[in-house]
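Please examine the sequence and the structure shown below. The report that follows describes selected helices.

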Amino acid sequence: MPATSALMRRTAAAVETVAALCLAAVTIIVFVSALGRYLFATPIPDAFDLSRLLLGLAVAWGYAVLGFRGGHICVDLLVEALPARPRRLVEAVAQAMLLAFTALLAWKVFGRVASAFASQEATFDLRLPTWPLLGAIWLGLAVAVLTTFAGLVRLLAGQSLHDLDPEEHGYE
């Protein structure tokens with residue numbers, strides 16, 4: 001399984017890179033638009049719409065890493081007191097619940113993409129279609145479904161999700 005773990009780590013790193021680039025783009029858009037607004041009385045057209053959609057994109061793609069690494073917020077008071085086998089069962093049930101939630105979220109966002117496409121929804125200033133960015137958000141959630149499923153399979157195989165965290169194990 002080391003090859004699978006290495007592939008999962010590389011995939012998680014690629015997904016994190018997409019999220020980080022989106023977050024960097026949001027930062028640049030907001031900063032430059034604020035400078036333009038206060039220094040030249042001309043903000044970037046559609047800065048608000050683009051930044052909110054890119055922020056959604058960053059969140060959706062960042063969410064995809066949760067399924068790999070089990071990095072979501074959790075309180076392990078009860079679970080840490082359990083023996084190894086019941087602890088793995090609780091972690092698998094929690095991962096299955098995360099998978100169900102993620103699949104429902106992806107399904108609802110897909111409906112939003114279809115709605116934006118059908119209605120030809122566009123940004124306010126430049127009238128850019130919003131469905132491509134909404135579609136990229138959905139794609140991030142679809143990847144999150146796959147990564148969460150892969151994490152569930154990994155847990156059911158008796159492996160841990162925490163060994164995929166590069167900070168804990170000196171990867172990268």
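## Buried residues of helix α4

In helix α4, the buried residues are Ala 92, Gln 95, Leu 98, Leu 99, Thr 102, Ala 106, Val 109, Val 113 and Ala 116. Buried means under 20% relative accessible area, exposed over 50%, and partly exposed in between, with a 1.4 Å probe and protein chains only. Helices (H or I, at least four residues) are DSSP runs numbered from the N terminus. The elements that cover these buried residues of α4 include α2 and α5, where contact means heavy atoms within 4.5 Å.

This is a predicted model, in which local features need pLDDT of at least 70, side-chain atom pairs count only at pLDDT 80 or more, and totals for chains, interfaces and linings use all residues. Residues are numbered from 1 along each chain as its sequence is written, and side-chain values use heavy atoms, with hydrogens and water left out.

## Span and end of helix α4

Helix α4 covers residues 84-119, 36 residues in total, and its first and last C-alpha atoms are 52 Å apart, close to the 52 Å expected at 1.5 Å a residue. The expected span is 1.5 Å times one less than the number of residues.

Phe 117 belongs to α4 and is exposed, with a relative accessible area of 52%. Phe 117 and Pro 129 are separated by 12 residues in sequence and by 8.0 Å in space, C-alpha to C-alpha. After α4 comes Gln 120, whose phi is positive, near 55°.

Note on methods. Helix = DSSP H or I, 4+ residues; strand = E, 2+ residues; numbered from the N terminus.
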